[in-house]
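Hi everyone, thanks for coming. Let me put the structure up, and then I'll talk you through some of its charged side chains.

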Amino acid sequence: MASHPAYEVHGQPYVDEKASVTAEKQDSGGSRDVFAEDNVHQIQYKTLSWQAVSLLMIAEIVSNGILSLPSALAVVGIVPAVILIVFLGIFGLFTAKLLIDFKLNHPNVHTMGDAGYIMFGPVAREVLAFGTVAFAVFGSGSELLSSQQALSTLSNQGMCSMYLVIIAGAVAFLISLPRTLDRLAWMGLLSAIVITLAGFIAMIGAGANPVPGRSLTVTASSNFFDAFLAVTDPVFAYAGHFMFFILISEMRRPEDAMKAAWCLQGFATIFYAVFSIVMYVYIGNTVQSPALFSLPPAWAKATFGIALANFLFSSGLYTHTAAKLVFVRIFRHSEHVYSHTLLGWTVWTLLCFSGVAIAVILAVAVPIFSYLIGIAAALFAAWYTYGLAGLFWLHDVYHLKGGVDGLKRRPIGTTIAVLTIISGAFICVAGTYVSIKLIVEAYANGQAGRPFVC
């Protein structure tokens, strides 16, 4: 049990009730670290270096970013879009710091659900845990859709797209099966390399084949719906924060997590800005989403062929994340987590298969790429990447650094935390409304294909 802060009042021991409540919540979830370190365990979890974490994060989030971001420049203009990309990258580094500090203060936190339980109790745990699983599966479906687009381009549309999604899902399922993230680290390195290379190949292809008579927009006025949908693209491009708790839980030195965050956000922000500007300058306002469709066929095939490995790995990593959240929730601190038991492996395999199966359905049921990104960013990324970080900071300052007085002594931090929460709420509500409305309009106007067909 965690010790409760106590002191003497009139000679009698006094327990701070607020601190006691928090400590009890931590105890009920296990105040010890998520994964125990013991040499007798057959499965060792705390094996990741900060370099491996940064590579896994880069491999996970950069692919969707480079596919969707150039189209945002065409909607709102190059200047506002680039400012937004850079601002969200810096803001994402700030919120990553808040998430990491919360994790270090609460070693028992493995997912957003655990964090929700500490702050608000069991209902918040279920809501945030469900959201984390849903977001991971949704992300897997998005990557499967990217894989299908790559395979369709490489095969000259030679096979039913639904079958291609299923094939990609089978590969993602195999990738997701290793029980620990260190077994995926080498694939993370390969995946980060190929998506970076694919981005450079795409920029070279665009520069070698500029669109004649292209038009560029410095700033653009647009209706609220299209503009906000474009805003959700860069929001989603940085939407990997929900994995920080899970990744840090498997680090050898969790205190090094901020190094991984600097590496991730620094690379992603610079790469996103350069890639978006180059692609937009050479293609103009006709740039598509995914941006690789705007390249000449040979260049599109070369880029998609290189990026395909990243799409498949990212889908598998998303599925692994969803499966691990549920698996640890079921078997936390039991032998099935640390040993190669029949029940443990059976449940793990079924969870991975279920995650991929749902992702496949999502990929073939929502065929418009930009709208898929919009829904995911609005419902989940708005909170996991931005809004919740403000709540984490407010909670820990209140409970660990002096209550209301602690918040008053930090007016700037308190103000920024509140604004972070408000920004997450606004993106969530407005983005969800806009995305749903645009999907309805797309189907009504015949701009969207039917689900579950070739």
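One term before we start: a salt bridge here is a side-chain nitrogen of Lys or Arg within 4 Å of a carboxyl oxygen of Asp or Glu. Take Arg253 and Glu255, which form one, with their closest N and O atoms 3.2 Å apart.

Some housekeeping: this is a predicted model, where local features need pLDDT of at least 70, side-chain atom pairs count only at pLDDT 80 or more, and totals for chains, interfaces and linings use all residues. Residues are numbered from 1 along each chain as its sequence is written, and side-chain values use heavy atoms, leaving out hydrogens and water.

Back to our pair. Arg253 is partly exposed at 45% relative accessibility, and Glu255 is partly exposed with 45% as well. By that I mean between the two cut-offs: buried is under 20% relative accessible area and exposed is over 50%, with a 1.4 Å probe and protein chains only. Arg253 and Glu255 also belong to a salt-bridge network with Asp256 and Lys259.

So, how many salt bridges does a search of the whole structure find? The search comes up with 10.

Another one joins Lys324 and Glu250, at 2.5 Å from N to O. This pair links distant parts of the chain, 74 residues apart: Lys324 sits in helix α11, Glu250 in the loop between α9 and α10. Helices, by the way, are DSSP runs of H or I, at least four residues, numbered from the N terminus. Both partners are tucked away: Lys324 is buried at 2%, and Glu250 is buried at 0%.

Key
Helices (H or I, at least four residues) and strands (E, at least two) are DSSP runs, numbered from the N terminus.
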